[in-house]
Amino acid sequence: MKIQIPSFLQPGDTIGIAATARWITPEQLQPAIDLFHLWGFKTKIASNVHTQHFQLAGADQLRALELQKMLDDEQIKAIIIARGGYGTVRVIDLLDFTQFLKKPKWICGYSDITILHAHLNTLGIASIHSTMPISFPDATQEALHDLQLALTGKLKSHEVDNSAIEISYSSLVQLPILGGNLSVLYSMLGSRSLVHWQAATAAGYFLFIEDVDEMHYHLDRMMMALLRADILKNARAIICGGMTQMKDNTLHYGFTNDNPWGYDAIATVKRMADELNIPVIFNFPAGHQNDNRAFYLGVPAVINLSKEKVTIAYQV
C-alpha cells in the first residue's frame, strides 16, 4: 500500500477543531484548547462547533463547509474532530479532497470518525486514531501524551500485554494498520469510502477494530459481513481494542429470558482470526475508554509477538 504521511507539527503550528457529527459546548471544548496551547500549538475553531441542530453541529451542508475550509486552509497543519456520535457519513460525499491530497494534513479522532480514516487511508493518506476534545477531561495522561507524540512524529511504538491468547508467531512483516470502529466499518460496506479497500490492501494489512454498546451476536454478524465482502481477505493480523459495554440476550440485560449468544467479544474475534489463520492481539489500549491511546492508521508498522507481550513499532 502506497501511503503519504502528512508533515508532523512544529511549535507554533495551528490545529483546527472541527465538528462533523455532534456539537460541543464552549465549556466542554476549553480543556482541549488549553492543552493544545500548553503544547505550543495555536488553535482554530470551526464556526459550527457549538451550533445545535438537534444532535448535530449544524445542518449537513454547514458541517461539510466548515470542514472543507479546514481541509483547504494551508495554515492548519492538523484537524481534530471535536466529538463523535453520528453524522460524519452525512458529510463525507459533500467534501472535495482535491487540494487536501496535494498537501495532506493529519486528521485525528475515533468512533464516528472512522469513515474519515477509511476514506483517506484507502486514498493513500495516513491519519491518527485518537481521543477527541469531548473526552479530554476524562482521558488518561498516557492517551493525551500519545496524541502529542503522534502529532509531532515522536510516537514510535506501543507495548501490549498479550497473555490472553496463545500465539506461535515471532514477528509480522511491515504493513499498515487500518480500521477503526467496527460498526462504522460495517456501515460503509459497498460505499465509495471502501470501494478501493481490496486494491489498496493487496499486499496485506493489520486490521484494528473496537466497538461499544453492541450485542454479542451483532459483533459476529459484522465480522461475518467483513469476511464475505472480502475486507478481511488480506488481513494479516487483527488488533482488538476496547469492546466496551457489550450486551447479550439474557435476563441481566433486561431480556425476558436467558438466551445467550454463547461467545463473548474476545471469543468472537478469536474465532474469526482462527478461521483466517492469523494472530489476534487483544488488550490494545484504544476505543471507547479513558485510556484511548493515539496511534497511526495507514503508517507502516512492524508487529513483534511473544506469548507475554506484543510490540507494535510505527515506521515514521
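Helix α2 (residues 60-72) holds both Arg63 and Asp60, which sit three residues apart, about one turn of the helix; helices here are DSSP runs of H or I with at least four residues, strands are E runs of at least two, and both are numbered from the N terminus. The model is a predicted one, in which local features need pLDDT of at least 70 and side-chain atom pairs count only at pLDDT 80 or more, while totals for chains, interfaces and linings use all residues. Residues are numbered from 1 along each chain as its sequence is written, and side-chain values use heavy atoms, with hydrogens and water left out.

Arg63 and Asp60 are joined by a salt bridge whose closest N and O atoms are 3.0 Å apart; the term stands for a side-chain nitrogen of Lys or Arg within 4 Å of a carboxyl oxygen of Asp or Glu. Both Arg63 and Asp60 are buried, where buried means under 20% relative accessible area, exposed over 50%, and partly exposed in between (1.4 Å probe, protein chains only). In the whole structure, the search finds 11 salt bridges.

A further salt bridge brings together the side chains of Asp93 and Arg192, at 3.5 Å from N to O. Asp93 belongs to the loop between β3 (76-81) and α3 (98-102), and Arg192 to the loop between α6 (182-187) and α7 (197-200), so this pair ties together parts that are 99 residues apart in sequence. Asp93 counts as partly exposed because its relative accessibility is 45%, whereas Arg192 is exposed, with a relative accessible area of 58%.

Elsewhere, salt bridges with shared partners link Asp60, Arg63 and Arg90 into one network.

Turning to the strands, seven of them make up an open sheet of mixed pairing, in the order β6-β13-β12-β7-β8-β9-β10. Its edge strands are β6 (157-161) and β10 (280-281), each of which pairs on one side only. Strands count as paired if DSSP finds at least two bridges between them. Strands of a sheet pair through backbone hydrogen bonds, in either the parallel or the antiparallel sense.

Strand β7 (residues 171-181) pairs with strand β8 (residues 205-212) in the parallel sense, over five bridges. With strand β12 (residues 300-305), β7 pairs in the antiparallel sense over four bridges, and Pro176 stands opposite Pro300 in β12. Eight of the 11 residues of β7 are buried, so this strand is largely enclosed by the rest of the structure.

Helix α4 (residues 114-121) is likewise largely enclosed by the rest of the structure, because eight of its eight residues are buried. These buried residues are Thr114, Ile115, Leu116, His117, Ala118, His119, Leu120 and Asn121.

On the surface, Tyr217, Trp261 and Tyr263 form a nonpolar patch with about 260 Å² of accessible area together. Patches are made of residues with over 30% relative accessible area and no salt bridge, with like charges joined within 9 Å and nonpolar side chains (Val, Leu, Ile, Met, Phe, Trp, Tyr) within 5 Å. Accessible areas come from the Shrake-Rupley method with a 1.4 Å probe, and for residues only the protein chains shown count as cover. Trp261 lies in the loop between β9 (235-244) and α9 (265-276), and counts as partly exposed because its relative accessibility is 33%.

Two asparagines deserve a word for their backbone angles. Most residues other than glycine have a negative phi. Asn277, however, has a positive phi near 60 degrees; this residue is in the loop between α9 and β10, and is exposed, with a relative accessible area of 60%. Asn283 has a positive phi of about 70 degrees although it is not a glycine. Asn283 is found in the loop between β10 and β11 (295-297), and is partly exposed at a relative accessible area of 43%.
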